Amino acid sequence: MVIRVALALALFALVPVPEAPSAWPASAPPASAADSLVAPPILPNRSREPRTVEVTLTATASTVELVPGVRSDAFVYNGRVPGPTLEVREGDRLIIHVRNELPEETTVHWHGLHLPWQADGSPFYPIAPGEQADFDFVLPEGSAGTYWYHPHPHHRTAFQVAKGLYGALIVRAAHDPLPAMTEKLLILSDNRFLPDGSIQIPDAGSLEARIDFENGREGDVLFVNGQVMPTVHIRSGEVQRWRIVNASAARVYRLAIPGHELLHVGSDGGLFGQALPVDEIVVSASERVEVLVRGTGDPGTRVALQTLPYDRYIPQTRPPDWDEPRDLVTLEYTGDPAVRPVEIPKVIRPIEPLDSDEVTVTRVMSLTQGFINGRTMDMGRVDEVATLGTTEIWQIENLVGMDHPFHLHGFSFQVIDRNGVPEPFPKWEDTVNVPKHETVRFIVKFEDYPGKWMYHCHILDHENFGMMGVLEVRKP
Ligand SMILES: [Cu+2]
């Protein structure tokens, strides 16, 4: 993967900077009031070796408070939902001990990372109850970005994520091209509960289970870092960097803050070449975005981060409340006087486009409800064979009237076009939402790491059913 992290020499204020009174500080200090939004704790590193992070992640069944005041039987990583955040630097060696204290098999998939396939946490390497798996790999240079981890056992991923197993993984750059500013992590998830507090998962074969299979399971309770409607404070004029992870099984978030333009600066595989001013951002299941939120409101006011209606459904199973916006986070302006916004580099991180002249194979993936190219997952079958070191185009055709987010393990790709409309600039992704009846093409280079890699729909109920295939990357 060729990613160059360049020093951003050309500085350009994307924000109109008002005349600064002399009393203003040079850059925005953090907002002064305490947020109720709490980031999960960082996993403690017990290695003393340089550039090495060694951590232990233990999955257990436990009774925890998911909704305030109610105890629920859940699955937890290190005692909590979401799990602790794994924070590392590009180039680090990562040693992760995963202990499975669940009553069933599990795996942990490091979603989006480029690593040897044996370390991918795919269903090929299940961890039996009571067993421990040890992962040991090096993060490539240039891989700084926001990732996440979650279970990936065959047919059980949806259940284990619904029970509470997911967490964030942040890979920091050696030299981050964005100026220092207040940073927030927002892990979005949803769930639903019975009156006694238990996580509601319908009986197999029930009407509700069939609707969950079509739509992917959605919950009516929306969480951010496991909290309901937490508050984030911002100072007028301040710019904050938000890393957002969609850890939901199926829900697509169409994020907006009324009256605020957002600066979209990053996707699954890290920062963009340049900032993209937008009014809203669509984040499908398992995607991540980095956004700069600019405090353009007045001191003392408040506004909500919302998810706006997004019609990803077939009409027959569309939830009745699909067209209602939902609030996720309260953004509250402190009473402090405005500060001058930080300047955002015009060039953030130059990304070289993968070379389409090197493409040797174009693969077509046809998506239907539960199937890829008409087949469901068979662990004993290899569906596609690619040659190590080659570049390919994948053409993902969604033949049905429902969106499917397509995820490829192990290799980040660059979307070329969506329904024939070229992408405005190259960026790194590992998941792309393919809207109903649309076609998305991406280019991918299989640099190093031969092995068997999954590709699948990231609506977890579809993945469980078998909307997944195996790509074997072989040495020439
Ligand atoms: Cu799907």
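**From the whole chain to one strand**

Reply: The protein chain holds three helices and 30 strands; both are DSSP runs numbered from the N terminus, with helices being H or I of at least four residues and strands being E of at least two. Its radius of gyration is 22 Å, close to the 23 Å the globule rule gives for 476 residues, so the chain is as compact as a globular protein of that length. (That radius is taken over C-alpha atoms, and the rule is 2.2 Å times the number of residues to the power 0.38.) Keep in mind that this is a predicted model: local features need pLDDT of at least 70, side-chain atom pairs count only at pLDDT 80 or more, and totals for chains, interfaces and linings use all residues. Residues are numbered from 1 along each chain as its sequence is written.

Along its principal axes, the C-alpha trace spans about 70 × 60 × 55 Å. Buried residues account for 45% of the 476 residues; buried needs 20 or more other C-beta atoms within 10 Å of a residue's own, exposed means 12 or fewer, partly exposed is in between, and C-beta atoms are placed from the backbone. Of the contacts with a separation of 6 or more, 80% are between residues 24 or more positions apart, a contact being two C-beta atoms, placed from the backbone, within 7 Å.

Now your close-up: strand β29, residues 451-457. Most of β29 is covered, with five of its seven residues buried. Strand β24 (residues 404-408) runs antiparallel to β29, and three bridges join them; strands pair if DSSP finds at least two bridges between them. Here F406 stands opposite C457. Strand β30 (residues 468-474) is also antiparallel to β29, with six bridges joining the two. In that pairing, W453 has L471 as its bridge partner.

Next, helix α3 (460-465): the buried residues of α2 pack against α3. Those buried residues of α2 (residues 207-215) are D212, F213 and N215. Just after α2, G216 takes a positive phi of about 85 degrees.

Stepping back, the domain assignment gives domain 1 (52-172), domain 2 (183-333) and domain 3 (356-474), with bounds from an automatic or database domain assignment. The C-alpha centres of domain 1 and domain 3 lie 23 Å apart, and their contact takes 15 residues from each of the two.

For contrast, here's another bit of sheet. Four strands make an open sheet with mixed pairing, in the order β3-β8-β7-β5. Its edge strands, β3 (86-89) and β5 (109-111), each pair on one side only. β3 and β8 (residues 167-172) run parallel, joined by four bridges, and L86 has L169 as its bridge partner in β8.

One last stop, on a loop: P424 sits between β26 (421-422) and β27 (431-434). P424 counts as exposed because it has 9 C-beta neighbours inside 10 Å. The C-alpha atom of P424 is separated by 10.0 Å from that of L276, 148 residues apart along the chain.
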